[in-house]
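Hi,

Here is the structure I promised to pass on. Please have a look at it when you get a moment, and then read my notes below.

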Amino acid sequence: MYFDHSATTKPDERVLRTFMDASVSYFANPASLHAEGKRTEKLLERARTQILAAIGLELTEGIFTSGGTESNNLAILGYVYANQHKGRHLITTSIEHPSVLRVFQDLEKQGFTVDYLTVDKEGRISMDELKSTLQDDTILVSIMHVNNEIGSIQPIEQCAKIIHTFPRAKFHSDCVQSFGKLSFAGFADGPDLISLSAHKMYGIKNSGFLAYRKNIQLQPIVFGGGQEQKLRSGTVSVPHAAALAKAVRLLMEEVDLQQFQQWRNELVEFFSEFDECKVLAPNASAPYILSVAFAQITGEIAINFLQQQGIIVSTSSACSSKNSDVSHVIEAISIPQKFEKGVIRISLGKDQTIEEIEQLKVAVRQLIELIRKGVGK
């Protein structure tokens, strides 16, 4: 029983078929001038157009990348390097994914000024702090839509409206954990750049996308033959692009947020029965992510016990699950110390069943009984 969809998802068989078909029928280099190259290029551009149309938000340009990490790096470094003559002040949050945080930390070493927005106990930033932190020389703000560890949703439309009152400031959002699940429909304003990753939406690993507005100026961070509008050199994998477009279409058609929300509410109520548990960000999290902390045991003990019952969950983040230190996100939301190292993340997927939810509850009750008997002390 797999409850770790925020770490990665199992590729949809239909996406895999698209990848295989494209690999066989569209194997030519899309940069080639011959007929097969032109035919492959048409498929590439069709995939790009479909993904951009699904995103909306007036983002008309897009680059295929190797995943969310590269998309985040290109968005931040590419924009900052191309626009540093306009200003050297940057803003992000204290709970970003490492592929964002570490880029900003490196930019600080290069002489840029970076402010890190704080969050409340639900993992939400303050609009007042965002307003007061913006400056005339702010050129980029990066705020993730859904946090990968605790699921906190940031109000990116509100953020965009505030950021865009500063003419030099552009807004990047890491939407790896939200795109295809939470809709941007109806937004009057939104980010100028967003990052996506295929393997978070039943696509294929090593496949991602960076979408951005037409007026955005970027500088490449990978150099070579000048593919992808001279911004991401290297022969483009058209099968990956076609498969990503397929994954986007399927997820947007098939995701059932109402069912996720019902199950999440049920699990929040269930975990709230136990003094040994604390639900993190209970009121501000995405419907498909539930972060729970146990007292007296570590997250590793919890996931190992649940795994013995046939249930797969993760610690707060798969990206840092082998690190025994308390994650930067858990530190940022200031939970009681006795819960800090006992965090697990339960993330729901489109093929989840009510039977699996019930079996998860049974296993957790067994774990609570062991905690009460002193296991892990």
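Predicted model: local features only at pLDDT ≥ 70, side-chain atom pairs only at ≥ 80, totals over all residues.

Cysteines: I found zero disulfides in the structure. Take Cys159 as an example: the closest cysteine sulfur belongs to Cys175 and lies 11 Å away, which is too far for a bond, since a disulfide needs the two sulfur atoms within 2.5 Å. Cys159 is also buried, at 0% relative accessibility. Cys277 is buried as well, with a relative accessible area of 10%.

Aromatic rings: the count comes to seven aromatic pairs. One of them joins Phe184 and Phe187, whose ring centres are 5.9 Å apart with the planes at 50°, so this pair is tilted. Phe184 counts as buried at 6% relative accessibility, whereas Phe187, at 26%, is partly exposed. Another pair, Phe271 with Phe294, is edge-to-face, with 6.5 Å from centre to centre and 75° between the planes. Phe271 belongs to helix H9 (residues 257–271) and Phe294 to strand S9 (residues 289–294), so the pair ties together parts that are 23 residues apart in sequence. Both Phe271 and Phe294 are buried. These two also belong to a cluster in which ring pairs link Phe270, Phe271, Phe274 and Phe294.

Charges over rings: Arg39 lies over the face of Tyr26, 4.4 Å from the ring centre. Arg88 has its charged end over the ring of Phe112, at 3.9 Å from the centre.

Best wishes

Key. Residues numbered from 1 in each chain as written. Heavy atoms only, no water. Buried < 20%, exposed > 50% of the residue type's maximum accessible area, 1.4 Å probe, protein only. Phe/Tyr/Trp six-rings, centres within 6.5 Å; stacked < 30°, edge-to-face > 60°. Helix = DSSP H or I, 4+ residues; strand = E, 2+ residues; numbered from the N terminus. Lys NZ or Arg CZ within 6 Å of the ring centre and 35° of its normal.
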